[in-house]
Amino acid sequence: MKTAIFTGSFNPFTIGHADIVERALAIFDRVVIGVGYNIDKGACTDLASRVAAIEKVYEDDERVVVEAFSDLAADFAKRHNANAIVKGVRTVQDYEYERSQAEFNKLLGNGLETVLFFSKPELSALSSSMLRTLEHFGRDISEFLPKKKS
């Protein structure tokens, strides 16, 4: 069974994140979504609530597992016998960041590969931080959040 992990703070989990999961499932048998706390991003929503919200999206899909984690992605991958880490890339800055992370994870994870998915053009401006800003100012963000997968 080929397993990939998809890690992030997912605060909130967006339709862009869900698109990456769907595309990863076309390549991998199983995707483990690792929900973590990013010290650089802070957290508006507690970890348990973020995990529960993502679980609800995938509750009928046994190929997707959602789990909180607080260690290194390479260690999380080892615990799940993952073949790869999947990440989404929207911009050149995302690419540079993910490239350096991929190199580091490969060293730490004994050759663990990272697979990058470039965002669809219509989703490239979408970010969790932008949604947190919109929500802070009272805007409805529901159109940017995934619905339960059918």
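Mentor: Helices (H or I, at least four residues) and strands (E, at least two) are here DSSP runs, numbered from the N terminus. The model is predicted, so to speak of local features requires pLDDT of at least 70 and side-chain atom pairs count only at pLDDT 80 or more, while totals for chains, interfaces and linings use all residues. Residues are numbered from 1 along each chain as its sequence is written, and side-chain values rest on heavy atoms, with hydrogens and water left out.

A cis peptide bond, with omega of about 5°, joins Asn 11 and Pro 12. Phe 10 has a phi near 45°, a positive value in a residue other than glycine. As background, most residues other than glycine have a negative phi, and most peptide bonds are trans. Phe 10 counts as buried because its relative accessibility is 4%; buried means under 20% relative accessible area, exposed over 50%, and partly exposed in between (1.4 Å probe, protein chains only).

The surroundings of Phe 10 can be approached through Ile 54. Leaving aside residues up to four places away in sequence, Ile 54 touches Phe 10, Phe 13, Ile 33, Val 35 and Val 66, where contact means heavy atoms within 4.5 Å. A nonpolar core is a set of buried Ala, Val, Leu, Ile, Met, Phe, Trp, Tyr and Cys residues joined through side-chain atoms within 4.5 Å. The largest such core has 22 residues, of which Phe 6, Phe 13, Val 21, Ile 33, Ile 54 and Tyr 58 touch the most other members. At least two residues of this core come from each of β1 (3-8), α1 (15-25), β2 (30-35), α2 (47-57), β3 (64-68) and β4. Its largest share, five residues, is supplied by α1. Apart from it lies another core, of nine residues, including Val 32, Phe 69, Ala 77 and Ile 85.

Five strands form an open sheet in the order β3-β2-β1-β4-β5, with parallel pairing; two strands pair if DSSP finds at least two bridges between them. β3 and β5 stand at the edges with a single partner strand each, so one side of each lacks a neighbour in the sheet. From one strand to the next, the twist averages 30°. β1 and β4 run parallel and are joined by two bridges, and Ile 5 stands opposite Ile 85 in β4. α1 packs on the sheet, touching β1, β2, β3, β4 and β5, and its direction makes about 150° with that of β2. α2 also packs on the sheet, touching β2 and β3, and its direction makes about 175° with that of β3. Axes are lines fitted to C-alpha atoms, for helices over the stretch in contact, and angles run from 0 to 180 degrees between N-to-C directions.

Asn 81 counts as exposed, at 63% relative accessibility, whereas Phe 10 is buried.
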